[in-house]
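Trainee: Please take one part of this model and go through it closely with me. I would like to follow how its side chains sit and what they meet.

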Amino acid sequence: RACAEPYLADLVEATSLSRQEGTASPALLVGISAGAILAGRRVDTALWKGWDDPAVVSPPRRWDRVRGMDLARGMSFFPHYAEEWAETVKTNRDAPGFESEHVVAIPEAGAYLFFDDDIEAR
């Protein structure tokens, strides 16, 4: 299976989207799956399920060092969350080097809303 998240992270990094400054006017971003992951601080949450092959991106890299766009001020996202992933999220979130990060687990029918200083998970 191809790995959409690291491929998209590679594209974001190559096009400098990850370094864009905030906009002068309101903006809307709808991130679904890989898009939600890229909106967060870290993209390596994409690999926690073991579904994707990160080797499809060349040259190989350490995904724990690749940053997302960090649009939600330090939050990282784990989309398609279900109870079966609870231990996976906890184990990875508490791992050395990741324990200070905030991970938002978003269920299939869930959303993460960010309005200026007001953050709300639904």
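Mentor: Let's start with Trp85, which is buried at a relative accessible area of 12%; buried means under 20%, exposed over 50% and partly exposed in between, with a 1.4 Å probe and protein chains only. Please keep in mind that this is a predicted model, in which local features need pLDDT of at least 70 and side-chain atom pairs pLDDT 80 or more, while totals for chains, interfaces and linings use all residues. Residues are numbered from 1 along each chain as its sequence is written, and side-chain values use heavy atoms, leaving out hydrogens and water.

Rings of Phe, Tyr and Trp (its six-membered ring) pair if their centres lie within 6.5 Å, with planes under 30 degrees apart called stacked, over 60 edge-to-face and the rest tilted; by this rule there are five aromatic pairs. In one of them, the ring centres of Trp51 and Trp85 are 5.7 Å apart and the planes stand at 75°, so this pair is edge-to-face. Trp51 belongs to the loop between helix 2 (34-39) and strand 1 (75-81) and Trp85 to the loop between strand 1 and helix 3 (86-93), so the pair ties together parts that are 34 residues apart in sequence. Helices (H or I, at least four residues) and strands (E, at least two) are DSSP runs, numbered from the N terminus. Trp51 is partly exposed, at 43% relative accessibility, whereas Trp85 is buried.

Both rings belong to one aromatic cluster, made up of Trp48, Trp51, Phe78, Tyr81 and Trp85. Lys49 sits over the face of Phe78, 4.8 Å from the ring centre; that label needs NZ of Lys or CZ of Arg within 6 Å of the centre and within 35 degrees of the ring normal.

Strand 1 itself is mostly covered, with six of its seven residues buried. Strand 1 runs parallel to strand 2 (residues 102-107), joined to it by five bridges; two strands pair if DSSP finds at least two bridges between them.

Arg42 lies in the loop between helix 2 and strand 1 and is buried, at a relative accessible area of 5%. The side chains of Asp44 and Arg42 form a salt bridge of 2.9 Å, N to O, and both residues are buried. A salt bridge puts a side-chain nitrogen of Lys or Arg within 4 Å of a carboxyl oxygen of Asp or Glu, and the structure holds four of them.

Another salt bridge brings Arg41 and Asp70 together at 3.4 Å, N to O. Arg41 and Asp70 both lie in the loop between helix 2 and strand 1, so their pairing ties together parts that are 29 residues apart in sequence. Arg41 is partly exposed at 30% relative accessibility, and Asp70 is partly exposed at 28%. Asp70 is worth a look in the backbone too: its phi is positive, about 50°, although it is not a glycine. Arg73, in the loop between helix 2 and strand 1, also has a positive phi near 50° without being a glycine.
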